[in-house]
Amino acid sequence: MQYLAAGGGAGGFTPVLMVVLLCGVMYVMMIRPQQKRRREAEAMQAGLGPGDEVVTIGGLYGTVTGVEDDAVLLEIAPGVQTRYARPAIARVVTRAELPSEPVTEDADTVKD
């Protein structure tokens, strides 16, 4: 009888430790990477601008011509524009080049 009482206390802690360890592994292996991908996709979709060439989740290539609050206007062929929800944009193929600012020289720096 004494044998059962002495060994029973240590066995109750091991299953609890295994459950906590399993939850920790699931968080690190599944939840954190998914949250990171979601943040990256939201940042990409928020950074869309006119001139960007994109691919939709359906595989359609197009060029962004306009951006609204929750939608993006894509030109899929010359003169053909369609409207897509921002989450429907899977990836950006090429970013539009930002126009470079003109170089202005101050009167003090110009040498005669």
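# Strands, core and salt bridges

Reader: How many bridges join β3 to strand β4?

Author: β4 covers residues 80-85, and β3 and β4 run antiparallel. Strands are DSSP runs of E with at least two residues, helices are runs of H or I with at least four, and both are numbered from the N terminus. Two strands pair if DSSP finds at least two bridges between them. For β3 and β4, the number of bridges is six.

Reader: Thanks! What kind of model is this?

Author: Residues are numbered from 1 along each chain as its sequence is written, and side-chain values use heavy atoms, with hydrogens and water left out. Local features need pLDDT of at least 70, side-chain atom pairs count only at pLDDT 80 or more, and totals for chains, interfaces and linings use all residues, this being a predicted model.

Reader: Which residue in the turn between β3 and β4 has a positive phi?

Author: β3 and β4 form a hairpin with two residues between them. The turn residue with a positive phi, about 85°, is G79.

Reader: What pattern does the protein follow along the sequence?

Author: Start by counting elements: there are two helices and five strands. Read from one end of the sequence to the other, they give α-α-β-β-β-β-β.

Reader: How much of the protein is buried?

Author: With a 1.4 Å probe and protein chains only, buried means under 20% relative accessible area, exposed means over 50%, and partly exposed is in between. The protein has 112 residues, and the buried share is 16%.

Reader: Which residues does V92 contact beyond its neighbours within four places in sequence?

Author: Contact here means heavy atoms within 4.5 Å. V92 belongs to the largest nonpolar core. Its contacts, with sequence neighbours left aside, are M44, L48, D52, E53 and V54.

Reader: Is D52 buried or exposed, and which residue forms a salt bridge with D52?

Author: A salt bridge needs a side-chain nitrogen of Lys or Arg within 4 Å of a carboxyl oxygen of Asp or Glu. D52 counts as buried because its relative accessibility is 3%. The closest N and O atoms of its salt bridge are 3.1 Å apart, and the partner is R95.

Reader: How far apart in sequence are R83 and E68, the parts tied together by their salt bridge?

Author: R83 and E68 meet through their side chains at 3.3 Å, N to O. R83 lies in strand β4 and E68 in the loop between β2 (61-67) and β3, so the separation of the parts that this pair ties together is 15 residues.

Reader: And what separates E42 and R38 along their helix?

Author: Their side chains also meet in a salt bridge, at 3.9 Å, N to O. E42 is partly exposed at 46% relative accessible area, and R38 is partly exposed at 46% too. Because they are four residues apart in helix α2, the separation is about one helical turn.

Reader: What is the C-alpha to C-alpha distance between D70 and A85?

Author: D70 lies in the loop between β2 and β3 and counts as exposed at 52% relative accessibility. Beyond neighbours within four places in sequence, D70 is in contact with R83, Y84, A85 and R86. D70 and A85 are 15 residues apart in sequence, and their C-alpha distance is 6.0 Å.

Reader: Which residues does Q45 contact beyond neighbours within four places in sequence?

Author: Q45 is found in helix α2. Q45 is buried, with a relative accessible area of 13%. Its contacts are R86, P87 and I89.

Reader: Last one: what area does the nonpolar surface patch with V25 have?

Author: Patches are made of residues with over 30% relative accessible area and no salt bridge, with like charges joined within 9 Å and nonpolar side chains (Val, Leu, Ile, Met, Phe, Trp, Tyr) within 5 Å. Areas come from the Shrake-Rupley method with a 1.4 Å probe, and for residues only the protein chains shown count as cover. V25 sits in helix α2 (residues 13-46) and is partly exposed at 44%. The patch also includes M18, L21 and Y27, and its area is about 1,000 Å².

Note on methods. A nonpolar core is a set of buried Ala, Val, Leu, Ile, Met, Phe, Trp, Tyr and Cys residues joined through side-chain atoms within 4.5 Å.
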